[in-house]
Amino acid sequence: MLLYQRRDFGALLEDTLNFFRKYGANYFKTFFILNGGVLLLLLLVIVLGFFDLFKHIFSGVGGDSSTFFVDDFAQNSTMYILVGVMGFVLILLLSLVMYAFPVLYMKRMGETGGEPVSATEMWQEIKKVIPHFFKFFFVLLVLMIPLFAILIAVSAMLALLLIGLVLILALVPLFVNFINLSWYDYLHRRGGLMQSFSFAANAVRTNFWKYSASFWVVYLILQVVTSIFTFVPMIIMTFSGFLVPNTESTGFQDSWLIFMAVIYIVSILVSFVLTNVLYINAGLMYYDSREDLHRGVVLEEIDNLGSNA
């Protein structure tokens, strides 16, 4: 599969699927070797650390919830602080692998011509970009996200005039694609951050309709799939007061909590897996916009034809 080439809207969608058909087995195997343990540990910390809170929420018993939460935190403040710190560290590590892996995997595939990538190779690559990760998302948090929040707030206020809805539909893919292309460019060139921001801004501007449409189609497909796993627990939780009898049976309440925990763990795992589709689609946008790489591939193919003639 040739990464460095121009793609129209249909090719962006088709090659996103083709990528997983061809490389999906190796991609997800490597992904879960690096990320699976951290994700499961995070879920375990959350479930065990907040077991009593979840039990109170899902059982629908126990009196005033606000009083329960305050009293429970006062009695177990040390444990909750420890769980919070552990959760923060694990989320940070999970985010690093989650955001860096698709970019570095595609970069590696482009360099090796599609050869399988091992978890050891990917971990060595990820360790090299740790400073880039913190620098990129710190600047993003300080500069870009507040600006985007202001624009979305203004658009939301204008939603009643219809133009606000149109602005939101335009701004969301614009901002997401800008972040993704900046991140891809920053890890590929390893140059200045402002240079990557400038490249991404020009790319999303000149390919606005193609990239926005590709984002929304992929995003909506993923939402339909994940909704199968997320709407079910939401519906069950909504009607839990009717479904769960007012009983003193601790065993029944614990079984109910375990059932809900399993559903949410599965939904989170599915969401993490499917998010990779969005990142790979963004990677194809990046390679579509790197015309300098296209020229390099063409010259290499010409050289190969000449040497084989």
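1. Contact is taken here to mean heavy atoms within 4.5 Å. By that criterion Asp15 touches Met1, Gln5, Arg7 and Leu284, not counting residues up to four places away in sequence.

2. On the basis of the note: this is a predicted model, in which local features need pLDDT of at least 70 and side-chain atom pairs count only at pLDDT 80 or more, while totals for chains, interfaces and linings use all residues. Residues are numbered from 1 along each chain as its sequence is written, and side-chain values use heavy atoms, with hydrogens and water left out.

3. On the overall fold: the secondary structure comes to 12 helices and zero strands, where helices (H or I, at least four residues) and strands (E, at least two) are DSSP runs numbered from the N terminus. Among contacts between residues at least 6 apart in sequence, 77% join residues at least 24 apart. Of the 309 residues of the protein, 39% count as buried; buried means under 20% relative accessible area, exposed over 50%, and partly exposed in between (1.4 Å probe, protein chains only).

4. Asp15 lies in helix α1 (residues 9-49). Asp15 counts as buried because its relative accessibility is 13%. The side chain of Asp15 makes a polar contact with the side chain of Arg7 (2.5 Å). A polar contact is a pair of N or O atoms within 3.5 Å; within protein, one must be able to donate a hydrogen and the other to accept it, and residues adjacent in sequence count only if both atoms are side-chain atoms.

5. In helix α5 (residues 119-128), the buried residues are Ala119, Met122, Glu125 and Ile126. They are on the same side of α5 because they cover an arc of only 125° around the axis, the arc being that of the directions from the helix axis to the C-beta atoms. Thr120 and Lys128 are exposed on the other side of α5.

6. The largest pocket holds about 540 Å³ of space. Of the 23 residues that line this pocket, the closest to its centre are Met98, Tyr99, Thr275, Leu278 and Tyr279. A pocket is an open set of points on a 1 Å grid over the protein atoms alone, where a 1.4 Å probe fits, with protein on both sides within 12 Å along at least five of seven lines; lining residues have an atom within 4 Å of a point. The volume is the space filled by probe spheres set on the points, which are joined across faces, edges and corners.

7. Helix α11 (250-289) is among those that each supply at least two residues of the lining of the largest pocket, and α11 gives the most, with seven residues.
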